[in-house]
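Please open the model in the viewer and display it as a cartoon. The stops below proceed by selection, each followed by a description of what is found there.

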Amino acid sequence: MASDNAQSAKNSVNYDFQAHERPLFDAWQQHGYFQRTPGFGEGKDHPYTIVIPPPNITGVLHMGHALNDTIQDACIRHARMQGRPTRWILGTDHAGISTQTKVDKKLAQEGISRLEIGREAFIEACYDWYKEYGTTIVNQIKGMGCSCDYADEHFTLEPAYVKAVRKLFVDWYHDDLIYRGKRIVNWCPHCTTAIADDEAEYVDEDGKLWFLRYPLTEPVDGMDYLVVATTRPETMLGDTGVAVNPKDERFAHLVGKTVSLPLVDREIPIFADWHVSTEFGTGCVKVTPAHDPNDWAMGERNNLERINIFDETAHVVDGYGRFSGLDRDEAREAIVAAFDELGLLDHIEEHEHSVMTCYRCHTKLEPWESEQWFVAVDGLKQDAARVVEDGSIQFHPQRWKQVYLDWLENLKDWCISRQLWWGHRIPMFYCDTCGWEDASVEDIEVCPKCGAPVRQDEDVLDTWFSSQLWPFATMGWTEEGMDAPEIKACYPTQVLSTARDIMGLWVARMVMSSMYCCKQIPFEHVIIHPTVLAKDGKPMSKSRGNGVDPIKLMVDYGADGMRFGLLMQVTGAQDLKFDEDKLLSSRNFANKIRNAARFVIMNLEGYDQGEPDPCTPADKWIFSRLAHLVAKLDGCYENFEFGEITRELNAFFWNEFCDWYIEFSKARLNGSAQDRAICQRNLAFVLDQSLRLLHPIMPFVTEEIYQELPIKKDSPYLIGAAWPSAQELSVYIDSEAERAIEMVCEIVSAIRSTRARYGISPKTALEVVVKANEEDVSLLNEQHELIESMGNTASLVLDAQAQKPAESSVVLTSGLEVYLVLSGLVDFDAERARLQKEMVKLSKDAEKFAKKLSNPGFLAKAAPEIVEKDTAKLADLKDQLSRVEAQLQELG
């Protein structure tokens, strides 16, 4: 949520960002900058391509999208300015479960059932939804200024894409990489479809552990029953065994015996299996192979029967008397009650555990035996691991490399069939007359073997099965394979930027499918951007009411302010606690850029188009700093350090260019015609270079200013202008000039801060003494006049042997001691008294807050934001106290 000062600042804005931004965006698009251009310079032979993670057609722009799209646009704009032929491939995902759920809900509100209207009509309704809502997020991406290729937008259910998906299925099927089988799957009773293992979400739950007595068929050594512990008593109707650990001596004599399963009177064996933990519950576990993946494995090893007791909506099937027709929760309650009535409920314990839920509707998933289609991943994942291990694909930050490899290593066969209507229908065809079946890219209507009518599989493919083809299916692979011009010229792509939660679901599968279909990696670099959280560290969500709308942020701060402010918050951490104040400071930075540019442009009257000429130490300093900045940014882009890029840009433009170089230039602009002309060219050059460096992240304000600059341009639009060359600028690196002006800035800053601290007017000239080493004194002597004019000094002494004058303050900087004589300007006795009084007050206030924050009762009851506010207040008081103490020490 916005802080108070951010809120008040927003309310005072009169700038219409949309009115300034939209015309520039339209101009870029009309001039073809968003499509792949020929390129220029050294970059023209090095294409640069990004594929956008296709947003779901049910979605709207959220903060994760805003961050990721900003990162991708910064990369593509930077590459475009390097002269590389760029293309950012745009498109949307049909989002099977998500879209079907939305359309189901919409139809239900109209009193229509999907089952009533049938599959064909329902799919039409889904396409209507796509037409109505599918472009929403694309328009929002445009509002951010993202330079995607809008002229060639893709959709994962467009005809060419459908053909690509079917081709991959057919190829994998014929290569024995796809098979059909009965297996335990994660089943969503609400969506009535299978869910892949890595699509399940785990939620911690305060549950119970029920201890149930299972009577032995025949007593053994005086034992009449075993006690099993379970978190799911409702599944006991499907139990076909009781397992113990082979090393558990307590039950060794019972292995091979049987128990009589209560309520259903089924005789089931007691067997030993290493999967059983001797520490959990009683050491005896009930085994339900059709409703638990671990039990399935034990059942396979021990030849147990599999009994499915639930239907597709998780209600007990027929054949179980009073329990049939009950849903899972009702069955649990009834079965526990029945055990209690029979005296077979031993006891109940509280038990925290994780449960799997559907990632779309959040219903608890049911492990359920079902016939499904699977991908045999062992034949694919070795290559996908190898290309990451050998560095062909690099992860940023690097730590995600091992996470990716671990995910692949633990990957089990992938369930790809979904019991939905919306999606890529599985291209399997069956003849019920003669038993023929096969996979086919083209539809088949009659059996090639006997001529009878055939039917197509009713299920659709997992959305991730289709989206895994995204990098190459959007580049002409379907029609021409690896001979497609775009594929031949521009594959693999350079960068994929995405969230960590789909690294396995999507990233790894794109690598597997690309290595199979293209025999190449799909991308060279994978950026795993941080997850955007609320300021308090909690996930953003509608239910918490802490979500932030990027569209509203762009109204308040402009696209530039939002983009720059978001990237400012990116560090090496995997989470980003969103702080709207950063956007406020970024908007202020954009205003600073406008104001600085306005000053420069206003002073370019009679501008001479000559080359820049850094002839003064101040010129040499800013040119040297610019050269270092470009080299630094090149390294940051190479390593995808976006937060560092924003910090470097802010420090250079605001602190060095605006606060100092422009100030140094003012006198020269009013000087001789020759000096004015040189100063104009240097100011215009540094501003132009700065705009180029800022453009990938702040495209609108920089383009607007670029259009107003009366300089000779290499491109009519900044979006197509050349990125500054670190190599060419390296001739301007001048460490001596940097040190000289750095010391000037420190001395002038020391003079100004002392004036502010003691309330001395800027018009009052001060006596200043600077102590430095001999080398620095030599450099400073050359800047004597500059320091005097900038600092308004009555006298300025630069001496390696200087001593602290009487009644003076001191400011220590890097290698310098700056003394300012305060005699006659400050009533030292009165100042000491005032500071001592202030110190007492600050000490009392700090003590009060420290006592409050050390009180366990306060910390337990107070809201987190109150504790945070008070902690910040205490830190501020301590800072003020240290500064007052320093001033007292100065005064002696």
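In which sense do strand 14 and strand 16 pair, and over how many bridges? Select strand 14 (residues 366-375) together with strand 16: the pairing is antiparallel, over two bridges. This is a predicted model, in which local features need pLDDT of at least 70 and side-chain atom pairs count only at pLDDT 80 or more, while totals for chains, interfaces and linings use all residues. Residues are numbered from 1 along each chain as its sequence is written, and side-chain values use heavy atoms, with hydrogens and water left out.

Strands (E, at least two residues) and helices (H or I, at least four) are DSSP runs numbered from the N terminus, and two strands pair if DSSP finds at least two bridges between them.

Next, select phenylalanine 374, which stands opposite cysteine 415 in strand 16. Cysteine 415 is buried, at 6% relative accessible area (buried means under 20%, exposed over 50%, partly exposed in between, with a 1.4 Å probe and protein chains only). Its closest cysteine sulfur, in cysteine 358, is 13 Å away, too far for a bond. Cysteine 358 is also buried, at 0% relative accessibility. A search of the whole structure finds zero disulfides, a disulfide being a pair of cysteine sulfur atoms within 2.5 Å.

Select helix 2 (residues 17-30) and helix 22 (residues 699-708), whose axes come within 10 Å and cross at roughly 80°. The axes are lines fitted to C-alpha atoms over the stretch in contact, with angles from 0 to 180 degrees between N-to-C directions. The two helices are therefore roughly perpendicular (65 to 115 degrees; under 35 is roughly parallel, over 145 roughly antiparallel and the rest oblique). To view the contact (heavy atoms within 4.5 Å), show His20, Glu21, Leu24, Phe25 and Trp28 of helix 2 with Pro699, Phe700, Glu703 and Glu704 of helix 22.
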